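Subject: Structure for you to look at

Hello,

Here is the structure I promised you. Please open it and keep it in view while you read my notes below.

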Amino acid sequence: SMKAVTVRGGTELSLPITLDPVAQQLTTVVTNADSARLALADPSGFAWRRRMGQGTYITQEEIERRQPVETEQLFRGIPDMVVDTAGIIVVKRGRITFRDLQSDSVPTYDLCAGVQVFVDGVAMPQPFNVDLITPGRIRGIEIYRGPATTPPALRSAKTVCGTVAIWTR
């Protein structure tokens with residue numbers, strides 16, 4: 001309730017004031033029990049990004065199962081990616097011209113060389129020979145085909161052709 005009070009100068013007035021408790025509804029907070037543990041177990045973020053599934057991932061278990069002699073062999077079978085004879089990753093980008101639409105010709109490809117390679121989070125100079133890292137030292141590989149799918153932590157000015165992140169043991 002409200003009460004108007006007039007106080008004249010030089011006088012004191014004591015009034016009892018009672019406040020009623022009111023419950024406040026706060027917004028919901030969601031936590032995941034494994035978040036902190038995952039961050040400590042995988043500071044590179046590989047496991048978290050793999051769970052999000054935006055790229056192509058090659059795990060240590062898959063590498064051990066395939067037993068490649070050279071790292072470039074791990075990229076075989078990945079659509080639109082080839083590794084040239086110098087161990088440089090090249091992305092094939094489809095190109096359709098007006099002439100292709102008018103005929104039954106096979107679409108041509110532009111080769112986009114210079115995929116940005118990161119090793120343990122550090123951008124390597126381009127071009128980078130992936131065979132410099134032996135398969136036995138690799139904990140995981142992340143592959144992103146262009147800047148739109150590349151996570152911010154693995155993006156640089158040179159991710160136009162895509163990004164490959166190699167994580168070592």
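Start with strand β8. T163, A165 and W167 point one way from this strand. V164, I166 and T168 point the other way. All of these residues are buried. One caution: this is a predicted model.

How many of the 6 residues of strand β8 are buried? The count is 6 of the 6, so the strand, residues 163-168, is largely enclosed by the rest of the structure.

Now look at the strands joined to β8. Strand β5 covers residues 116-119 and runs parallel to β8, with 4 bridges between them. Find Q116: its bridge partner in β8 is T163. Strand β7 covers residues 138-144 and runs antiparallel to β8. Here 6 bridges join the two strands. Find G140 too: its bridge partner in β8 is W167.

Next, go to T71. It sits in the loop between α3 (60-66) and β2 (81-83). Is T71 buried or exposed? T71 is buried, because its relative accessible area is 0%, and the cut-off for buried is under 20%.

Which residues does T71 contact, leaving aside neighbours within four places in sequence? They are V130, D131, I133, T134, P135 and I138.

Take I133 from that list. T71 and I133 are 62 residues apart in sequence. In space, their C-alpha atoms are 6.9 Å apart. A polar atom of the T71 side chain lies 2.3 Å from the backbone oxygen of I133.

Best wishes

Notes. Residues are numbered from 1 along each chain as its sequence is written. This is a predicted model: local features need pLDDT of at least 70, side-chain atom pairs count only at pLDDT 80 or more; totals for chains, interfaces and linings use all residues. Side-chain values use heavy atoms; hydrogens and water are left out. Buried means under 20% relative accessible area, exposed over 50%, partly exposed in between (1.4 Å probe, protein chains only). Contact means heavy atoms within 4.5 Å. A polar contact is a pair of N or O atoms within 3.5 Å; within protein, one must be able to donate a hydrogen and the other to accept it, and residues adjacent in sequence count only if both atoms are side-chain atoms. Two strands pair if DSSP finds at least two bridges between them.
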